[in-house]
Amino acid sequence: MATTPSLHSYNHNRAAFSLLEVVAGLAVVALILIPTTGLMQEVLLGEGIQKNRSELMQLAQGKQNEFCHFARADFQENKEAGNFAKQGYPELNYEIYCLQDKSLGGIPDRLMIVHTRAWHDANRNRSLDANETKVDLWTSVARATP
């Protein structure tokens, strides 16, 4: 006749972890995860910078194209500065310069150099600081023929 084990009997052959083993395992996992959290923060920050740079590039190209159209028509040296608040980005600023300067590659009365700089003005001081994401675009515009 087979006997059934009582509730109070304990099977010592059963695989189980002691509290010390669980704590040691958690410590090893923590030693691995702590350095990777810093890496994850850097990756997320890099993604944010890349997103800002992409937005800056698109907005700066649009502004530069608009400015080049007018520069070609009147062919006057000009400059403009502002932000992209109308497009929903008040923290993104720009500066555009149209110059016939020979040192930049311009040819007086024939070829104008257009420099566009856009940046994420993180501290809202309206000037480009060393730690702020920026985009520089250069192009040239020839005088329109009559």
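Buried here means under 20% relative accessible area. Keep that cut-off in mind as you move through this predicted model.

**Start at Phe84.** Select Phe84 and Tyr94: both residues are buried. Their rings form the one aromatic pair that a search of the whole structure finds. The ring centres lie 5.0 Å apart with the planes at 40°, so this pair counts as tilted. It links distant parts of the chain, as Phe84 sits in strand S1 and Tyr94 in strand S2, ten residues apart.

**Show the surroundings of Phe84.** Leaving out residues up to four places away in sequence, Phe84 touches Leu59, Ala60, Lys63, Tyr89, Pro90, Leu92, Asn93, Tyr94 and Ala118.

**Switch to a cartoon view.**

**Zoom in on the S2 and S3 pair.** Select residues 89-99 for strand S2 and 111-120 for strand S3; these antiparallel strands are joined by eight bridges. Look for Cys98, which stands opposite Val114 in S3.

**Finish in the core.** Which residues touch the most other members of the largest nonpolar core? Among its 18 residues, they are Phe84, Cys98, Val114 and Ala118. Now bring helix H1 (19-74) into view: H1, S2, S3 and S4 each supply at least two residues of this core. H1 gives the most, with six residues.

Notes
Residues are numbered from 1 along each chain as its sequence is written. This is a predicted model: local features need pLDDT of at least 70, side-chain atom pairs count only at pLDDT 80 or more; totals for chains, interfaces and linings use all residues. Side-chain values use heavy atoms; hydrogens and water are left out. Two strands pair if DSSP finds at least two bridges between them. Helices (H or I, at least four residues) and strands (E, at least two) are DSSP runs, numbered from the N terminus. Rings of Phe, Tyr and Trp (its six-membered ring) pair if their centres lie within 6.5 Å; planes under 30 degrees apart count as stacked, over 60 as edge-to-face and the rest as tilted. Buried means under 20% relative accessible area, exposed over 50%, partly exposed in between (1.4 Å probe, protein chains only). A nonpolar core is a set of buried Ala, Val, Leu, Ile, Met, Phe, Trp, Tyr and Cys residues joined through side-chain atoms within 4.5 Å. Contact means heavy atoms within 4.5 Å.
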